[in-house]
Amino acid sequence: MRRKASILAAFAVVALALAPAFAEARRGGGFSSGSRGARTYQAPPPTTTAPSAAQPMQRTQQAPAAAAAGATAATGAAAAARGGMRGGLMGGLLGAGLFGMILGAGLFGGLGGFASILGLLLQVALIGGVIWFVMRLIRSRRTATAGAPEAYARDMQGQGRQGQDRAPRPMTGGMAAPRGAMGAAAAAPAVETKPLQIGEADYQAFEQNLHAVNEAWSRQDLEALRRLSTSEMTNYFAQDLKDLRARGWTNVTSDTKLEAGDLSEAWQEENRHFATVAMRYSMVDVTTDASGKVVEGHPTERQTVTELLTYTRFPGEEWRLSAIQQTG
């Protein structure tokens with residue numbers, strides 16, 4: 001009984017440690033990533049399509065001005081988290097616990113009946129949660145330049161501060177207007193932002209970009225992703241694809257269909273345009289390993305995703321994906 005429980009606990013630890021990997025296979029990795037210019041750290045107004053709050057940016061190159069002085073300290077903290085937390089915490093807990101398990105003493109000592117087994121499983125779950133948190137923290141602190149080719153170095157990130165929000169306008173083609181607009185003026189605005197008019201051609205461009213990015217991601221086509229997104233987002237895509245290849249996995253999304261969408265906000269700062277759009281879409285999303293075995297998703301069942309996508313452009317240029325934010 002003790003041996004069986006130890007083996008099951010070991011499998012539980014491994015499964016919990018791998019949980020983030022299973023959740024990060026699709027395009028964007030399930031993170032809120034990218035930049036929204038002056039509004040990167042401001043939550044987009046809720047819409048009918050995405051009534052719940054957007055998750056804050058977990059990967060971004062846009063740093064608040066107030067945090068600029070602490071950039072060096074933040075870099076040091078990230079390095080400490082990678083070396084200290086991962087090496088010390090994970091190595092200490094798992095090394096001691098699993099070593100004890102191998103010797104037959106259980107993860108944290110002997111098993112004295114059913115109650116002890118339950119206690120062991122609770123401790124295993126706690127360790128798994130710590131592993132998940134550390135791995136998530138390490139991944140979210142990756143810089144965009146860490147794993148991207150030099151060809152994608154053109155930086156489209158602008159500086160600025162928050163101005164007045166505009167009243168959201170309805171989108172065409174079945175896309176409804178948000179029920180309300182909200183937003184607060186940021187402290188000490190440095191660059192003026194102005195409302196931006198969005199037309200039917202823009203909405204069509206947003207939907208086309210959604211399809212094109214998903215298709216380019218499935219082909220692992222970084223050149224296409226570079227044309228369709230900012231250099232920052234391309235860098236994230238490149239790193240995520242590299243992580244998948246390291247695991248021997250391939251993620252493919254197909255038959256993407258836009259179910260609903262509406263405009264959250266659109267504005268201009270200096271000579272750049274921004275638009276954040278809520279989109280709910282369905283697709284077939286499947287991840288396979290090197291042998292072709294499905295490790296995530298299903299080859300025929302559809303999945304539905306709701307995201308807030310931000311697009312940016314300079315006047316006269318095409319819209320490019322600048323940020324993906326998860327909802328809920």
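Helices are taken here as DSSP runs of at least four residues, numbered from the N terminus, and in this predicted model arginine 227 is found in one of them, helix H5. Because exposure is assigned over 50% relative accessible area, arginine 227, with a value of 53%, counts as exposed. Between arginine 227 and leucine 321 the C-alpha to C-alpha distance is 9.4 Å, although 94 residues separate the two in sequence.

The largest nonpolar core comprises 32 residues, and those with the most contacts inside it are Ile198, Phe206, Phe237, Met279 and Tyr311. At least two residues of this core are supplied by each of helices H4 (200-219), H5 (222-228) and H6 (231-247), and likewise by each of strands S3 (250-269), S4 (272-288), S5 (294-313) and S6 (320-326). The largest share, six residues, comes from H4. In soluble globular proteins, nonpolar side chains tend to be buried together. For tyrosine 311, when residues up to four places away in sequence are not counted, the residues touched are Phe206, Asn209, Leu210, His273, Phe274, Ala275, Met279, Trp319, Arg320, Leu321 and Ser322.

Confidence was considered for the chain and for individual stretches. The protein chain has a mean pLDDT of 73, with 55% of its residues reaching 70 or more. Over residues 7-23 the pLDDT is below 50, and this stretch has 22 contacts in the model beyond near neighbours in sequence. Residues 66-103 likewise stay under 50 in pLDDT, and the model has 42 contacts for them beyond four places in sequence. Where pLDDT is low, the predicted coordinates should not be read in detail.

Note on methods: Residues are numbered from 1 along each chain as its sequence is written. This is a predicted model: local features need pLDDT of at least 70, side-chain atom pairs count only at pLDDT 80 or more; totals for chains, interfaces and linings use all residues. Side-chain values use heavy atoms; hydrogens and water are left out. A nonpolar core is a set of buried Ala, Val, Leu, Ile, Met, Phe, Trp, Tyr and Cys residues joined through side-chain atoms within 4.5 Å. Buried means under 20% relative accessible area, exposed over 50%, partly exposed in between (1.4 Å probe, protein chains only). Contact means heavy atoms within 4.5 Å. pLDDT is the predictor's confidence in each residue, from 0 to 100.
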